[in-house]
Amino acid sequence: MLDLFHLVLQIAVILVAARIVGFLFQKIHQPQVMGEMVAGILLGPSLVGWLAPGVSAALFPPASLGYLNALSQVGLVVFMFVVGLALNPSELHGFGHAAVLTSHVSIVAPFCLGGLAAMYLYPRLSDDSVTFTHFALFMGAAMSITAFPVLARILSERGLVRSRLGTLAIACAAVDDVTGWCILAYIVVLVRMTHAARPAWVTIAGSILYVLIMLSVVRRIMPAFEREFRKRGGLSDNLIAVIVVLVLASALTTEWLGIHLLFGAFLMGAIMPKSPEFTRYLLHKFESVTVVLLLPLFFAFTGLRTRIGVGGGRAIWFYCAIVILVAITGKLGGSMFAARLAGMPWREAASLGILMNTRGLMELVILNVGLDIGVISPAMFSIMVLMALVTTFMTTPLLEWVYPTRLFRAQADEIHKSVA
Amino acid sequence: MLLVGVPVLGLLGILEAGRGISAPLSIAGDWTLEFDPAAHCANGPAGLRQPALSISQSGTEVLITVNDGRATALEATVDGVTLTAKSLTATISGKPGERLLEGHMHFDGCAPVAFRAVRQASQKRGA
């Protein structure tokens, strides 16, 4: 039975914690979302559950977590739609060799190193219900992801969005995200097919048919929303509801096919018309409730599943160090090396590597999918969450160190003068 | 081409080499226990509700939560086919989908009680 008192109390506590920690993180020049992610972890067994187990048990009784999870999943569906909406394929054109090479290497290098790390971690942190292939592929996908939304926010806060470095980073991150989600979809299908009663051909043929319908039929209907927006300067509540229903229908289709409901929401966002005004309007409509209310619930639910430093002894910290080292070497090192080979100066190449290493909440989304389908164990989940936090946290200070704001502004001024 | 092709080949090599690596036996999930009917223990099996054990596993490290009304947590390890905790020892047998636990549980004031446990279908790990 729904315990409304507990649910409302949980939401209130989570929102207060997210806003306070988010505010404190902004004070140390970190994106607000970084603080919100940390707030979620602090509410779980890693801090509150460890310091005050009674309070934690009273506030988050196991029986009540199903509702919190349901709400956070709804939030994720809308969030993935927003991520797809913000993705503009036209931004990928015109970057030539540097973007193509960097984006490919920034996926392949961490993927390969993740697979290598899996050889060591599989016998220690997994079990025989998961095959090595599934475990290694998941590790590779999780290592190669870049948090497109967090990256965009960091670039925006530093005024780098319209710079060569910023646009290149966004283009590469977009390619990485799309590739990462495709690889993850493949892994989810592989894992679910092992246990599912549905024949494999239904999932494969259904997925191909679904993508074809989305790209060739639904995509052609979507401009009607944009035309209405241009005609009336906005969309009526009924039309917004139609868009929500389409997002949910797409999500339900991919869930039924066995891929995962998040892919459907993401693809729906990706095929929406991309004129800046229309995108801004829809982002404004969908983002506030998602970012302020629903995403903190997802962070808290993630935090409740994360047990940093609880059990496992010193070996866990050693595994954690390996995962963080592999993640940084593969993503930061791989991207930097590729950008340098493509002719970028060292400083810009290093900055691009640092930006691509931002994993943020996209990593948390992927890790939760991995834990839900059982491809990673709770300890592996906690280690990877810590890796996501470390790689996201290090971005801003490292970027300031390698490419200080004053230096970037001085270079931008020089370019303006030479153009004038 | 070389920068992408070589790591992809490397990954294929890793996946091939990894097929030979074995992981600890999976016992994560909820387990229904059947106790030896001949055992007499006033504070023991009768106080448990089914599923009597909820197991969370990360490699060889295992956390067992006993459904005794107090959610007693037991840290345990899997070593080969043996599951060992402070008040429980068991042998793991069967394929991953049909896994069984057979062993003894210790209850206060009683001799160890033999049990046989069956894992409930479609268990997921987490939380």
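This is a predicted model: local features need pLDDT of at least 70, side-chain atom pairs count only at pLDDT 80 or more; totals for chains, interfaces and linings use all residues.
What share of the 127 residues in chain B is buried? Buried residues make up 28% of them.

**Confidence**

The complex receives an ipTM of 0.87 and a pTM of 0.85 from the predictor. Chain B has a mean pLDDT of 85. Of its residues, 93% reach 70 or more. Within chain B, helix α1 (residues 2-18) has the lowest confidence, at a mean of 87. Strand β5 (residues 82-85) of chain B has the highest, at 93. One stretch of chain B, residues 123-127, has pLDDT below 50. In the model, that stretch still has 19 contacts beyond near neighbours in sequence.

Chain B holds 1 helix and 8 strands. Along the sequence, the pattern is α-β-β-β-β-β-β-β-β. The table gathers values for the whole chain.

| Property of chain B | Value |
|---|---|
| Radius of gyration | 19 Å |
| Box filled by the C-alpha atoms, along the principal axes | roughly 70 × 25 × 25 Å |
| Contacts joining residues at least 24 apart, among those at least 6 apart in sequence | 41% |

**Where chain B meets chain A**

The contact takes 29 residues from chain B and 36 residues from chain A. On the side of chain B that touches chain A, the elements giving two or more residues are α1, β2 (53-58) and β3 (61-66) of chain B. Which element gives the largest share of that side? It is α1(B), with 9 residues. By type, the side of chain B that touches chain A divides into 15 nonpolar, 9 polar and 5 charged residues.

**A helix pair in chain A**

Two packed helices are described by the angle between their axes and the distance between the axes. In chain A, helix α16 (residues 346-356) packs with helix α19 (residues 395-402) at an angle of about 175°. Their axes are 9 Å apart. Therefore α16(A) and α19(A) are roughly antiparallel to each other.

Which residues meet here? From α16(A) come Arg347(A), Ala350(A), Ser351(A), Ile354(A) and Leu355(A). From α19(A) come Thr395(A), Leu398(A), Leu399(A) and Val402(A). The residues of this contact divide into 6 nonpolar, 2 polar and 1 charged.

Ile354(A) sits in helix α16 of chain A. Is Ile354(A) buried or exposed? Ile354(A) is buried, because 27 other C-beta atoms lie within 10 Å, and the cut-off for a buried residue is 20 or more. Leaving out residues up to four places away in sequence, Ile354(A) touches Leu332(A), Thr395(A), Leu398(A), Leu399(A) and Val402(A). Take Leu399(A): 45 residues separate Ile354(A) and Leu399(A) along the chain. Their C-alpha atoms are separated by 6.5 Å.

**Helix α8 of chain A**

Helix α8 of chain A covers residues 148-157. Its buried residues include Phe148(A), Pro149(A) and Val150(A). Leu151(A), Ile154(A) and Leu155(A) in α8(A) are buried too. What follows α8(A)? Gly159(A) does, and the phi of Gly159(A) is positive, near 70°.

Conventions
Residues are numbered from 1 along each chain as its sequence is written. Chains are lettered from A and ligands numbered from 1 in the order in which they are written. pLDDT is the predictor's confidence in each residue, from 0 to 100. Helices (H or I, at least four residues) and strands (E, at least two) are DSSP runs, numbered from the N terminus. Two residues are in contact if their C-beta atoms, placed from the backbone, lie within 7 Å. Ala, Val, Leu, Ile, Met, Phe, Trp, Tyr, Cys and Pro count as nonpolar, Asp, Glu, Lys and Arg as charged, and the others, Gly among them, as polar. Axes are lines fitted to C-alpha atoms, for helices over the stretch in contact, and angles run from 0 to 180 degrees between N-to-C directions. Angles under 35 degrees count as roughly parallel, over 145 as roughly antiparallel, 65 to 115 as roughly perpendicular and the rest as oblique. A residue is buried if 20 or more other C-beta atoms lie within 10 Å of its own, exposed if 12 or fewer, and partly exposed in between; C-beta atoms are placed from the backbone. The radius of gyration is taken over C-alpha atoms; the globule rule is 2.2 Å times the number of residues to the power 0.38.
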